[in-house]
Amino acid sequence: MAAENSGRVQSLERAIGLLRAVATGGEKGVTIAEAADACGINRATAWRLFATLDHHEFVCRDRSTGRYAIGPGIARLAGRSESDLLVGRCRPVLERLSSLTGETASLAVSLPEGLTYVDEVVPESVIAVRWVGRRVSLYATSAGKAMLAWMGQSEIAAVLDAPLTGHTGATHTDRRALLDELETIRSRGYGQAAGELESGVNGVSAAILDADDRPIGIISVWGPADRLPETEFAALGELVVAAAAELRPD
């Protein structure tokens with residue numbers, strides 16, 4: 001009762017503690033039991049608090065693992081920066097893209113820690129790993145390459161001059177080939193990746209550009225290769241390019 005005696009609300013203190021536990025869980029997230037134990041909270045109480053946090057999208061649950069990560073609701077409340085405003089504007093566009101394609105539609109923005117997924121819409125019928133809060137590889141994902149294509153030459157060089165890890169057998173690590181690919185992305189308007197970060201996962205992405213043609217966000221559609229084959233990339237590319245153009249600031 002110490003929190004209540006000091007003028008603070010105990011249930012809110014506990015919810016904040018759980019959010020901090022989730023935030024420190026990294027890419028793999030945490031289970032309710034892990035977060036409860038870390039905060040010294042009864043697991044039944046933690047379950048009720050997580051249900052409330054999930055309802056408001058402050059956390060999101062990976063249905064395949066049962067683990068929780070920070071949800072898009074946090075990003076939507078985090079101040080009034082350009083990126084935060086973009087999350088709100090993008091939400092209906094992501095919902096429409098997900099409905100049209102039957103796959104996950106996501107938004108990534110540049111944060112101090114790097115290009116990061118901040119919102120996504122996953123069809124109810126689809127079981128997919130949640131990517132909100134995860135950093136994006138700039139050379140091994142469609143989102144990263146769509147961002148990299150519109151960055152300055154010195155920024156591109158800083159990425160491509162560093163050692164490039166081959167995450168899968170399909171990862172492009174040749175500098176010259178990647179530079180040619182970035183030129184193609186600028187020409188056609190979208191980036192694509194087929195199993196380059198994770199085998200069997202394909203994606204198509206387009207950059208939301210500001211008035212100076214600088215990327216302020218990335219719209220993506222991605223899913224398993226058997227449902228999103230490379231033969232569909234051109235059609236999906238048209239959809240994400242149109243979505244990105246719709247979101248371009250006036």
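# Chatting through a predicted model

Biologist: Hi! How many disulfides does the count come to here?
Modeller: The count comes to zero disulfides. Keep in mind that this is a predicted model.

Biologist: Let's zoom out. Which domains is the chain divided into?
Modeller: There is domain 1, covering 10-70, and domain 2, covering 75-247. Taken over C-alpha atoms, the centres of these domains are 28 Å apart.

Biologist: Now for holes inside. How many cavities of 30 Å³ or more are there?
Modeller: The count gives one cavity of that size. The volume of this largest cavity is about 180 Å³.

Biologist: Which residues are closest to its centre?
Modeller: The lining has 19 residues, and Tyr117, Thr141, Ser142, Val201 and Trp222 are the closest to the centre.

Biologist: Which elements give two or more residues to that lining?
Modeller: Those are helix H7 (142-149), strand S6 (201-209) and strand S7 (215-224). S6 gives the most, with five residues.

Biologist: And how does the lining split by class?
Modeller: The lining of the largest cavity has 10 nonpolar residues, seven polar ones and two charged ones.

Biologist: You mentioned H7. How many of its residues are buried?
Modeller: Eight of the eight residues in H7 are buried, so this helix is largely enclosed by the rest of the structure. Among the buried residues of H7 are Ser142, Gly144, Lys145 and Met147.

Biologist: New topic: Arg89. Where is its place?
Modeller: Arg89 is in helix H6, which runs over residues 82-101. The relative accessible area of Arg89 is 38%, so this residue is partly exposed.

Biologist: What does Arg89 touch, leaving out residues up to four places away in sequence?
Modeller: Arg89 touches Glu246, Leu247 and Arg248.

Biologist: How far apart are Arg89 and Trp131?
Modeller: In sequence, Arg89 and Trp131 are 42 residues apart, and in space they are 19 Å apart, C-alpha to C-alpha.

Biologist: Last topic, the backbone. What is phi of Glu57?
Modeller: Glu57 has a phi near 60°, a positive value in a residue other than glycine. Glu57 sits in the loop between helix H4 (43-55) and strand S1 (59-61).

Biologist: And what is phi of Asp213?
Modeller: Phi of Asp213 is also near 60°, again a positive value in a residue other than glycine. Asp213 is found in the loop between S6 and S7.

Biologist: How accessible are Glu57 and Asp213?
Modeller: Glu57 is partly exposed, with a relative accessible area of 26%. Asp213 counts as partly exposed as well, at 34% relative accessibility.

Note on methods:
Residues are numbered from 1 along each chain as its sequence is written. This is a predicted model: local features need pLDDT of at least 70, side-chain atom pairs count only at pLDDT 80 or more; totals for chains, interfaces and linings use all residues. Side-chain values use heavy atoms; hydrogens and water are left out. On a 1 Å grid over the protein atoms alone, a cavity is a set of points where a 1.4 Å probe fits but cannot get out, and a pocket is an open set with protein on both sides within 12 Å along at least five of seven lines; lining residues have an atom within 4 Å of a point. Grid points are joined across faces, edges and corners, and a volume is the space filled by probe spheres set on the points. Helices (H or I, at least four residues) and strands (E, at least two) are DSSP runs, numbered from the N terminus. Ala, Val, Leu, Ile, Met, Phe, Trp, Tyr, Cys and Pro count as nonpolar, Asp, Glu, Lys and Arg as charged, and the others, Gly among them, as polar. A disulfide is a pair of cysteine sulfur atoms within 2.5 Å. Domain bounds come from an automatic or database domain assignment. Buried means under 20% relative accessible area, exposed over 50%, partly exposed in between (1.4 Å probe, protein chains only). Contact means heavy atoms within 4.5 Å.
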